Amino acid sequence: MVSERSLAVLRVIVQDYVASREPVGSKTIVERHSFGVSAATIRNDMAQLEEEELIAAPHTSSGRVPTDKGYRVFVDQLTELRPLSSAQRQAIETFLGEAVDLDDVLARTVRLLSQLTSQVALAQYPSFGNARVRHIELVVLAPTRLMSVLITDSGRVDQHLIDGPHGLDDAGLAELRRVFNTALGGITLADAAQTLKTVAGSVSPALRGVAGEIARALGDQVAANRHDRLVMAGAANLARTESDFTGSIFPVLEAIEEQVTLLKLFGELEIDDDGDRVVASIGRENADFGLGETSVLASGYTASGGSVARLGVLGPTRMDYSNNMVAVRAVARYLTRLLGED
């Protein structure tokens, strides 16, 4: 059983090791922190922590570093997360508030989060399989080029070019808009995929050829939007912390490029949908995904339409958990407010 003081010693070992990348010894703890006990007493606490496999000696040095289990206990003991400064919150609101659509919002989100945390930032697109069609727009760009625009209630705007001798006049274009919006407006993307198979038959005979082309284009757009996707930024941050990994960093880089792997990892994290809770998956807990030397911190955000997705950061186990969890929580909360306004 680890004592309260031993847990306090673990906390300062984690904090000092994260800050310095140097193993932490009892003498350093006594000098830097006000425990009010001797170095010998601190050594006894460290021995207890080592017996519980919460810290370990990396080499012959007298210092100790946290283990994956130690980081887990440290994170679980974080009862309160300090808020971001007002300047940081304003930066989030300003930067994300300038986004023009969902793609831009998520691209800005991961760029900002990677800057706030110095880690790889990941954002999952909302589940478009549950999204509903808000509007279909058709735009004639040239006599031989038409653009179909799919807009969902999750804020997604997807465009597709259709080439061919369409020869549409204003009346024909208006009829096509009306028929497609009547058939698809308000239904889920899953239902839209089925509806598109027959909608071309609802237009006047002269328009059925181009209606079939539009239906096929929209079918491709619907199919693409139903797949889970991630957007990522900050992979270069891993290179800056390469010394935190044993051997080569390339297996980690290869693993994070596999979106299927990351989506599966994200999917196994039990998150809240309101951004109030940040969960951590640490070190060997990620071994099945080829990421056994990394930690992942994630929270949930809710897009308009109620679909829930995940947002988080990935980096070495030696990371500033307190700061990074605060940043993830703050950005997830703002993302929910921003997308909920759509």
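This is a predicted model: local features need pLDDT of at least 70, side-chain atom pairs count only at pLDDT 80 or more; totals for chains, interfaces and linings use all residues.
Tutor: Residues are numbered from 1 along each chain as its sequence is written, and side-chain values use heavy atoms, with hydrogens and water left out.

Student: Why is H5 called oblique to H13?

Tutor: Helix H5 (residues 86–97) and helix H13 (residues 321–340) pack at an angle of about 45°, with their axes 11 Å apart. That angle makes H5 oblique to H13, since angles under 35 degrees count as roughly parallel, over 145 as roughly antiparallel, 65 to 115 as roughly perpendicular and the rest as oblique.

Student: Which residues of H5 and H13 meet there?

Tutor: With contact meaning heavy atoms within 4.5 Å, Ile92, Glu93, Leu96 and Gly97 in H5 meet Ala330, Val331, Tyr334, Arg337 and Leu338 in H13.

Student: What makes Ser26 count as buried?

Tutor: Buried means under 20% relative accessible area, using a 1.4 Å probe and protein chains only; Ser26 has 10% relative accessibility, so Ser26 counts as buried. Ser26 lies in helix H2 (residues 26–32), and, leaving aside its neighbours within four places in sequence, Ser26 is in contact with Ala39, Ile42, Arg43 and Met46.

Student: How do you know that the span of helix H7 agrees with what it should be?

Tutor: The expected span is 1.5 Å times one less than the number of residues, so the 15 residues of H7 (residues 170–184) should span 21 Å, and the end C-alpha atoms of H7 are 21 Å apart, which agrees.

Terms used
Axes are lines fitted to C-alpha atoms, for helices over the stretch in contact, and angles run from 0 to 180 degrees between N-to-C directions. Helices (H or I, at least four residues) and strands (E, at least two) are DSSP runs, numbered from the N terminus. Buried means under 20% relative accessible area, exposed over 50%, partly exposed in between (1.4 Å probe, protein chains only).
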